[in-house]
Amino acid sequence: VLCGRTDDCPEKYGEKRTYVEYNLTVHYYCLLMSSGIWQRGEEDEGVDGFLIKDIRKEVNRAAKLTCNICKKKGASIGCVAPKCKRSYHFPCGIQRECLFQFMEDFRSYCWEHRPVQNFTDKEPGGASQCTICLDLVEHLPVYTVLKSPCCKNAWFHRECLQCQALSAGIFFFRCTVCSNKDKFQKEMLRMGIHIPERDASWELEENAYQDLLHCYQHCDVKRCLCKKGRDYNEPDSKWEIKRCQYCGSRGTHLACSSMKSWEQNWECVECRSIIAKSGKYSKRRKRALATSENTNGTTCLLEEPPPKSPRQSSGSPRNFLLQSPKMMCQNLSPCSHLELPASNRVTMSLSPVMSNRNWSLTQKHLREQREVCNILKELKVQVKTKTTRLNINAENIWSNALKGFRQRNFSPTNTIEVNFSNCKNRSKANTSVASKHHFFQLLMLHLQNSSLFEGSSGKNLSLDFQAVKENLYFEAGKMIAVSLVHGGPSPGFFSKTLFDCLVYGPENVKPDLEDVADVDVAQTIRMIKYANSLSSLQSTLQDCCEFLTAAGCLRPVTALCDKNVLVNDLLTYHVIKRIALPLESFKQGLKTLGVLEKMQMHPDAFSSILCHKPERLSAETICHLFTIHSSSAVNKIKGAGFWMGYLQDVESGESVVTLEDILRFVTGSCYIPAVGFDPEPTIRFLHIRYPIGKRLLNCLELPVTKTYEQFKNKMELTIRNTLRVERE
C-alpha cells in the first residue's frame, strides 16, 4: 500500500507482511522510512507499534505526493535536507541510490544530499579485495563502495555489508578485518546499512547445535562381551559405556576393557598410538595395564599396544650401520632381498657422545618430519597422471612460473613436468624429475627474497598494493602449497608470527618488536617502549604524532604504564592489521590441495618445515634414506660397510664430491622433499663396473669391489663426471 509493488525481497525492502483482517500489505522498510508516521503504540499493537489507523492516514497523505523518480503517486518518503522537496518510494530511492538511516528518527536523504565518507588525498588508489566476497572493489567515493572507519585499507561492497549485517545482527556485526564493533557499526548506520536488533541468524536456527548434545554410546573394542549388543549402556554397572578420555568419539563397556570403576581413565587405540608416537606414553599406562590383568579373570580384548621403541645401540660411529635392521642380513637366503618393515628401523646417532637433551630434540624433529611427510603423502593422492608442462627460463623464474600457474590448462592436481628452455641435448628420463626439483628450489628461493615478504630470517608478509591488485599473494600461497605436495623443498622462511596468523588467526597473535622490518618504525616503537619517565614518553609521542595518527594510535597518555598497551597496538597494526588483505589472499592460496587445513590441524609438524630451515645433509641422514637390497648376504654386508665408510669420508671433507652431489646423482634433487621421495630410494649391489643412478626409480646401483679404495675411486669418478656434464 505504500510503494505499490508486489516484490517480496526481504534483503532490499524488508519483510513483506500481509494482514488479512485489515486488508493491508506493507514492506517493513517502507513503513519504517515513511516520513509522516510514528510508532505510537506498544510493540504488540498494530504492525510492530505502528497503529493501523496511522498507516491508513500515511497512505492517504502519500497518495497526494508524486515520486520524483518514477513520477507515480504514493511517494511516502521525503529528503530531510533543508529546502529539499524531493519525495520518492522506498524501492525507487534504493534504485536511485538514496540513503536511508535505520537509527534514531529514521532519516532519508536524496541522491544529492546523502552523507558521504571522508576521503583524503593520501587515500591509496586502485583496488583491493572486499574481505567479505573476496572480489576486487575499487577505491572510489561512490554509493556502492564503503570504507572501514577503523582499518585504513579495508574496503567493502555495500551489498556485501548489508547481507553481512542482516545475517550477523547487532550482536555479531563488526569489522571483518580488526573486529571493531562500536566504531564500525556507528559508521555503517550513518551510511545506510540496516543492522537488525536481533541475534545472529545462526543462533536463531532451531536445533542448530543439537549434535553437540549427543554423547557417543557404542562399544568399539575388538570383541564386545555384552550379550545385549555394543550399543547397550547401563549406568552404574559393568555394562556402562566409558568414552575415550582424549577424543570422546570411541567407547568401551567397563567389563570389555577390564575396568573396575568409572573413575578409571581409558583411551582408544587411535589416541593411544598417537600418544605412543609422540613419546608421552607414560608409566601411568603401564600401571593401568598391570591392574587390568587380574580382574575377575577377564582378559582385556583391546588391540595390542604399539611396539616398544628399539634401544639405542652404543659403539663406534660406523658400527651403527651394520646394526641397523635396514642393513642386517639376519640369515637371509641367497636370493632373498626383501625390505624390512619401517617399524624395525633404528634411528641412531653418528656421534658417539650425545646429550639426552640433544637426543630428544633430534627425535622430536624426526617425528615431526615423518608426520609432515605422511600428511603430504595423503594430500598427494589427489595428484593425477595427467600432466601439465611448464616451460621455464631460470633467469626469469618468477614471470615464467606465474604464467605457467595461470595458464588455462593448469591444475594443481595434474602431474607437473618442467622444461628449462636453456637446457639442450640431455636425457629426458634423467632430467624431467631433476628439472622439477630444481624449478621448485629456484621458485622458493625467489619467493623468500621477493617484495611479497619482509624481514631478515623469519619473514612476514609485506604490504605491496600492486601485488594485491595483481593477486600475487594468492599466487604465492598457491605455489608454496603446490610445491609441498609435488615434491618441492621446505620453504623454511616463515616467521613464527606469520605462521601463527595462518594457523590460529591474526586476532589470536601478539607480534614482537623483531617482527617489524622497517628500521625507522622499529626505532620509533623502541623509543616508546624504553621511555623511562612520563615526560620523556610524552615528548617522544609528540615528536611522532603523524606516525601515531597513521597507525590509529594517537591517544592521550597520562601514566608511564600506558606505553605497554600503546606499543602492543602499534606492533599489531604494523605487523598484522596493515597486511590484512595480503594475509587473507595468501591464506586462500595456501588452501590449494588442502594444505592450509592440514596446517591448522597439525601446527607443530608444519612449523618444523615452514619456520625452520632444513638441516644440512649428514651421513646418517643419507644412510637412513636408502634401503639396501642385495642378491647376496655377503655382498650386502661388505658393500654396506664400504657405502657407510664413503659417506663418512664425504661428510668429513675427504672427498671431491658432497652429500648433496650423491643425492642429486640418484634422485635429481639436492634436497629431501617434505613429502619424501616416491618411490623410496634404494641401493642395489651388483656386479657392474661403475655406479648407476636411476632417477625415475630413485635407485642407486653400486659395484661390488674387493677393496674400499676401488669403491671410493669409482664413486667419485662417476658422480663428479656425471654432474659436471649436466652443469655444462
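Predicted model: local features only at pLDDT ≥ 70, side-chain atom pairs only at ≥ 80, totals over all residues.
Start by selecting Glu42, Glu43, Asp44 and Glu45. Together they form a negative surface patch. Now pick out Asp44 on its own. You'll find Asp44 in the loop between helix H2 (28-33) and helix H3 (52-62). Is Asp44 buried or exposed? Its relative accessibility is 71%, so Asp44 counts as exposed.

Next, select Glu15, Arg17 and Asp48. These three are linked in a network of salt bridges.

**Stop three: Asp105 and Arg107**

Show the side chains of Asp105 and Arg107, and you'll see them meet in a salt bridge, at 3.4 Å from N to O. Asp105 has a relative accessible area of 38%, so it is partly exposed. Arg107 is partly exposed too, with a relative accessibility of 37%.

**Stop four: a link between distant parts**

Now jump to Arg578 and Glu454. Their side chains meet in a salt bridge, again with an N to O distance of 3.4 Å. Where do the two partners sit? Arg578 is in the loop between helix H20 (562-575) and helix H21 (580-590), while Glu454 belongs to strand E15 (residues 453-454). The pair links distant parts of the chain, 124 residues apart. Click on Glu454 and you have a partly exposed residue, at 22% relative accessibility.

**Stop five: Asp569 and Arg555**

Stay with helix H20 and select Asp569 along with Arg555. Here the side chains form a salt bridge at 2.8 Å, N to O. Asp569 lies in helix H20 and Arg555 in the loop between helix H19 (545-550) and H20, so this bridge ties together parts that are 14 residues apart in sequence. As for accessibility, Asp569 is partly exposed, with a relative accessible area of 29%, and Arg555 is partly exposed at 33%.

**Last stop: the cysteines**

Cys544 itself is buried, with a relative accessible area of 11%. Finish at Cys501, which also counts as buried, at 4% relative accessibility.

Technical notes:
Residues numbered from 1 in each chain as written. Heavy atoms only, no water. Patch = residues over 30% accessible without salt bridge, like charges linked within 9 Å, V, L, I, M, F, W, Y side chains within 5 Å. Areas by Shrake-Rupley, 256 points an atom, 1.4 Å probe, with all protein chains shown as cover. Salt bridge = Lys/Arg side-chain N within 4 Å of Asp/Glu carboxyl O. Lys, Arg positive; Asp, Glu negative; His and termini not counted. Charge placed at Lys NZ, Arg CZ, Asp CG, Glu CD. Helix = DSSP H or I, 4+ residues; strand = E, 2+ residues; numbered from the N terminus. Buried < 20%, exposed > 50% of the residue type's maximum accessible area, 1.4 Å probe, protein only.
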